Amino acid sequence: MTRFAAVAIAYGLTAFTMQVRDDGVQTGTARISGVVLAADAASQPIRRALVTISGDGLRQSRTAITDDDGRFVLDRLPSARVTLTVSKAAYLTTSFGARRPGRPGTTIQINDGESRDITMRLTRGAVIAGTIRDERGLPLAGVQVIASRIGAVTTPAPFGDEGWLTTDDRGAYRAFGLEPGEYLVLAVMRRLSLGSSTSWRSDAEMDAVLAALQRRSAAPAAPIGSTAPPSSPAPETIGFPVTYYPGTAVIGNATKITVGAAEEHNGIDFAIAPVRLTTISGTVAAADGGSLGDVQLSVYYDQPNVASMSGARPVLSQRPSADGTFRYTQVPPGRYTIMARARATQTAQSPGVVSVGGRGGALPPAAGDATTRYASVDVDVDGQPVSGVTLTLRPGVNLGGRVVFDGAAPAAADDVARVTVTIVSPAAGGSSVMNNTAVGRPFLNVAPARVGGDGTFAIQGIAPFDYRLRVTLPPPLRDKWFLRSATAGGRDITDAPIEIRDRPIDDVVITFSDRPTGVRGTLTAGDGSPASNYFVVVLPRDRALWRPDTRRIQSTR
């Protein structure tokens, strides 16, 4: 039995800031005016801030701009329950009534003929600033820099394309208006394209090449048709990978910067230096020694979720051949995971050909093929060629079981046949195909399986990893039936991961009931009056069960 605790959280809508004209919108005689002040000891008025009103009773939001004294007026308002937000560049957008930026505010009920005067305060966002230099200490202009908030789905910085900054002629950058939290600062050479690299020779090698050219020019003319160049060592291939503060290409070695509201962190300086790009080569082999079939490779490495990321990265220059050999080039230092997926049946494509190509493409999920095989290996790269990597293909794992509807009346077989079951790996994330190189962990994406009329289901050919169960009910069942439990081998897997390794799992039981549990009650204020505009949240007392997308955390308004 799970023990629960209930808490109440103040609720307020966050308005979407959009300036609109008042012409043609519905009007009334209500009025809200006020002043916007800085949320610091000086409490100076803030000019040119945007105050936006929205909510029930308004067909569209309205925006007012504060004057030199920080004052604003929103008049000709109809009776409505509204929210107010205030925003300005370099400040944190704040809702009226919020205890601090980023938290929900409170609503205001206005009626015809009513006039209200309010005060709103803006908190200045944090700043991270510094200088980007090259390996010789010279400033680098035109470098892309971003302060990426750890744990954020998207970068919240309010500047540039997707939050990117560009260093000026002094190599300086300044990220402002940042929300409190932990950040990684990263930079990449903007002028380099995806997977770009160049050749590099040391001063001694260049002297040797020039000396050879001088000797050649002083020598008698070579016979016609002779084009032999002066002999010299092959140059190294170098590139500029994504570089993290304090100057590392490995995200695990990056330094986190913790910022609070209105804090300035200057001197976040670091250098972007070229690194030696090397190769990873190896062989894909079948564990049973049989034929490989259609082999696909994908490489995974840590990086922030930034769509416009560029810089040096691995390129699959040789796809698995008939004997299974493959080769990645332009590989910067770091830790990589290479995964292979193969089907025993040869397709019309050549082995290793990515089925969806081009930048922004993606490999399809597993199609539930019992012949699918997988392999995975971790590779550490320190600038030297890595060879002899072996990926040994083994059959994917099958998962199966049944869905049970335990209620007063059985679920119709036609409705049951529309239920889908799938498993999701938190490690899968996004994936893409760039330069014909699959990046990410696309082989962990599993296609849903349809449940049969008798309630049974089966998912075949799953890559070994940790997954979570997901069941989707059709509309006729969704409003009546509720998930009661999910077990495998007698163990509860409703909120726990399913550890898929090398053995099939065929005893999954997913049980739905038409008798849901529930909690009812009334929330009152201190004076005994009903307390509206709150969310009531029910959650387990066991913090280990506080996970995203769990049925054990429910809320209602």
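Me: Which conventions apply to the residues and atoms?
Reply: Residues are numbered from 1 along each chain as its sequence is written, and side-chain values use heavy atoms, with hydrogens and water left out. Because the model is predicted, local features need pLDDT of at least 70, side-chain atom pairs count only at pLDDT 80 or more, and totals for chains, interfaces and linings use all residues.

Me: In what order do the 4 strands of the open sheet lie?
Reply: Strands of a sheet pair through backbone hydrogen bonds, either parallel or antiparallel. Here the order is β34-β31-β36-β39, with antiparallel pairing. Strands (E, at least two residues) are DSSP runs numbered from the N terminus, as are helices (H or I, at least four); two strands pair if DSSP finds at least two bridges between them. The edge strands, β34 (449-450) and β39 (498-500), each pair on one side only. Between β36 (residues 465-472) and β39 there are 3 bridges, and F465 stands opposite I500 in β39.

Me: How is the aromatic pair of F405 and W481 described?
Reply: A pair of aromatic rings is described by the distance of the centres and the angle of the planes. Rings of Phe, Tyr and Trp (its six-membered ring) pair if their centres lie within 6.5 Å; planes under 30 degrees apart count as stacked, over 60 as edge-to-face and the rest as tilted. F405 and W481 are edge-to-face, 5.2 Å centre to centre with 80° between the planes. F405 lies in strand β30 (residues 397-406) and W481 in the loop between α3 (475-478) and β37 (482-488), so the pair ties together parts 76 residues apart in sequence. Together with F512, F405 and W481 form one aromatic cluster.
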